[in-house]
Amino acid sequence: MRLCDRHGCEEPGNCPAPKAPNSPERWMFCQAHAAEYNRKWDYFEGLDKAEKEARTKAERSETAGYAEAQHYGWGGSGDGSRSADEMRALDVLELEADVDFPVIKKAWREKAKTVHPDVKPGDVEAAAEFQKLQVAYEVLKSAEERREWRG
Ligand SMILES: [Zn+2]
């Protein structure tokens, strides 16, 4: 059994938490430490300045609180149905609630490709859109992983 990555914690580590934005590397924490990490996690850490400004701007203009998606909400609804964060993430990807994860991944890839910083260097709006897609994908991927653990 994998233990929580928090030093000295003996609980099972079954909550993945990204080590950095856009990084596939994960910490594996217990529920309590994942929540603690999430509260303290500086989402902007590791993003460059332009992206940070673009994201701040995007968040201001979309007050409705997409930002809260970064606080994944580990609990979920518990019955396998989509959480509010997932619904919002699906909305960003323009997908229906009942799509499978491979469909989500494909939609995310196709959309991200068009606004990727390599494709649109220096374009702050594209950078903000790209970041939004990343967050949406992370939300949906985490949810998918939680479902897998439940079996
Ligand atoms: Zn722990």
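Is glutamate 110 buried, exposed or partly exposed? With a relative accessible area of 42%, glutamate 110 is partly exposed, where buried means under 20% relative accessible area, exposed over 50% and partly exposed in between, computed with a 1.4 Å probe on protein chains only. The close-up views below come from a predicted model, in which local features need pLDDT of at least 70, side-chain atom pairs count only at pLDDT 80 or more, and totals for chains, interfaces and linings use all residues. Residues are numbered from 1 along each chain as its sequence is written, and side-chain values use heavy atoms, with hydrogens and water left out.

View 1. Cys4 (SG), Cys9 (SG), Cys30 (SG) and His33 (ND1) are the protein donors of the zinc ion, at 2.0 to 2.3 Å from it; donors are N, O and S atoms within 2.8 Å of the metal (3.2 Å for Na, K and Ca), and sites may look incomplete because water is not among the atoms. The arrangement is tetrahedral because the four donor atoms subtend angles of 103 to 116 degrees around the zinc ion, four donors counting as tetrahedral if all angles lie between 85 and 135 degrees. Along the chain, the donors follow the spacing C-x4-C-x20-C-x2-H. Cysteine 9 lies in the segment before strand 1 (15-18) and histidine 33 in helix 1 (residues 31-40), so this pair ties together parts that are 24 residues apart in sequence; helices (H or I, at least four residues) and strands (E, at least two) are DSSP runs, numbered from the N terminus. Cysteine 9 counts as buried, at 11% relative accessibility.

**View 2. The salt bridge between arginine 26 and glutamate 138.** The closest N and O atoms of arginine 26 and glutamate 138 are 2.8 Å apart in this salt bridge, a term for a side-chain nitrogen of Lys or Arg within 4 Å of a carboxyl oxygen of Asp or Glu. Arginine 26 belongs to strand 2 (residues 26-29) and glutamate 138 to helix 5 (residues 124-150), so the pair ties together parts that are 112 residues apart in sequence. Both arginine 26 and glutamate 138 are buried.

**View 3. The salt bridge between glutamate 110 and lysine 106.** These two side chains meet at 3.6 Å, N to O. Glutamate 110 and lysine 106 are four residues apart in helix 4 (residues 101-115) and are thus separated by about one helical turn. Lysine 106 is exposed, with a relative accessible area of 55%.

Key:
Tetrahedral: all angles 85-135°; square planar, octahedral: opposite > 155°, others 65-115°.
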